[in-house]
Amino acid sequence: MRLIPLLLSAVLLWHCQSKKVQPPVETVDVTAMVRMTHKEATDTLRVDTSQPMAPVHLKMLDKAAAQAVLAGVDLKQAVLADWPDNGFYGEDRRRIEFIFTGFDRHPERPGVYAVKGKNRYKTTISNFEGVLEIREVYEFSDPNLDTSEIYDMQFRKMLALTGDFRFHEDSSLRTSGLFAGTFKMDIGLLEDGSTQLWFFSESTPAQGCGYR
């Protein structure tokens, strides 16, 4: 979807500089790109796709161990992005879009994050902010996946997080309200210390969605 405005920008730039000698423009054959479904991407990591899926191995950490792990994890790296996430809202299942613009860990409570963002529902765009708190931390391994493939992707550990959140919308808007509930999030810790959402295990708390 982003390719069209990029091509238009390239055309406009060429017209503005048409008096100069321009190098040949390299084009991309979009039809040659291979696209995968989420299931196909996950299957590339599986040990044996002919076998039924086995449950992941979950190990809940005690409070001290959980705090120690969270002190070395920054979810901002995993959650902040330049594009919104989409979901469905209300009994009529209308689409709602969310994007996080701030996700700052508490300096003394590593399981607590101050969150800011925006959401769009129908034609209304609202700012929101609030708190997300991690209540439980699990280490997990997925016996369905090829360990060597995971190592090649530079992942050294996977974590499942659960907790709750309260996000208040901008009170100056007529449509303002409160988003509150529980969340589940799967993350992978990489060799370089960075963090990414984990989408490749279906029987984790987040069920392969990154976060729910």
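Phenylalanine 98 counts as buried at 18% relative accessibility, where buried means under 20% relative accessible area, exposed over 50% and partly exposed in between, with a 1.4 Å probe and protein chains only. This is a predicted model, in which local features need pLDDT of at least 70 and side-chain atom pairs count only at pLDDT 80 or more, while totals for chains, interfaces and linings use all residues. Residues are numbered from 1 along each chain as its sequence is written, and side-chain values use heavy atoms, with hydrogens and water left out.

Phenylalanine 179 is likewise buried, with a relative accessible area of 15%. The structure holds 11 aromatic pairs, a pair being rings of Phe, Tyr and Trp (its six-membered ring) whose centres lie within 6.5 Å, with planes under 30 degrees apart counted as stacked, over 60 as edge-to-face and the rest as tilted. Two of these pairs are set out in the table.

| Pair | Centre to centre | Angle between planes | Geometry |
|---|---|---|---|
| Phe98 and Phe179 | 5.2 Å | 75° | edge-to-face |
| Phe165 and Phe167 | 5.0 Å | 35° | tilted |

Because phenylalanine 98 lies in strand S3 (residues 94–105) and phenylalanine 179 in strand S7 (residues 178–190), their pair ties together parts that are 81 residues apart in sequence. Helices (H or I, at least four residues) and strands (E, at least two) are DSSP runs, numbered from the N terminus. Phenylalanine 165 and phenylalanine 167 are both buried, and ring pairs link Phe98, Phe100, Phe103, Tyr113, Phe128, Phe165, Phe167, Phe179 and Tyr211 into a cluster.

The largest pocket holds about 860 Å³ of space. On a 1 Å grid over the protein atoms alone, a pocket is an open set of points where a 1.4 Å probe fits, with protein on both sides within 12 Å along at least five of seven lines, and lining residues have an atom within 4 Å of a point; the volume is the space filled by probe spheres set on the points, which are joined across faces, edges and corners. Of the 29 residues that line this pocket, Asp85, Phe98, Phe100, Tyr211 and Arg212 are the closest to its centre. Two or more lining residues come from each of helix H4 (76–79), strand S2 (85–89), S3, strand S6 (155–169) and S7. By class, the lining has 24 nonpolar, three polar and two charged residues, with Ala, Val, Leu, Ile, Met, Phe, Trp, Tyr, Cys and Pro counted as nonpolar, Asp, Glu, Lys and Arg as charged, and the others, Gly among them, as polar.

Tyrosine 89, found in strand S2, counts as partly exposed at 38% relative accessibility. Leaving aside neighbours within four places in sequence, tyrosine 89 is in contact (heavy atoms within 4.5 Å) with Arg94, Ile96, Tyr121 and Phe179. The C-alpha atoms of tyrosine 89 and tyrosine 121 are separated by 8.4 Å, although these residues are 32 apart along the chain.

Aspartate 142 is found in the loop between strand S5 (124–141) and helix H5 (147–152) and counts as buried at 8% relative accessibility. The side chain of aspartate 142 makes polar contacts with the side chains of asparagine 144, at 2.7 Å, and serine 201, at 2.6 Å. A polar contact is a pair of N or O atoms within 3.5 Å; within protein, one must be able to donate a hydrogen and the other to accept it, and residues adjacent in sequence count only if both atoms are side-chain atoms.
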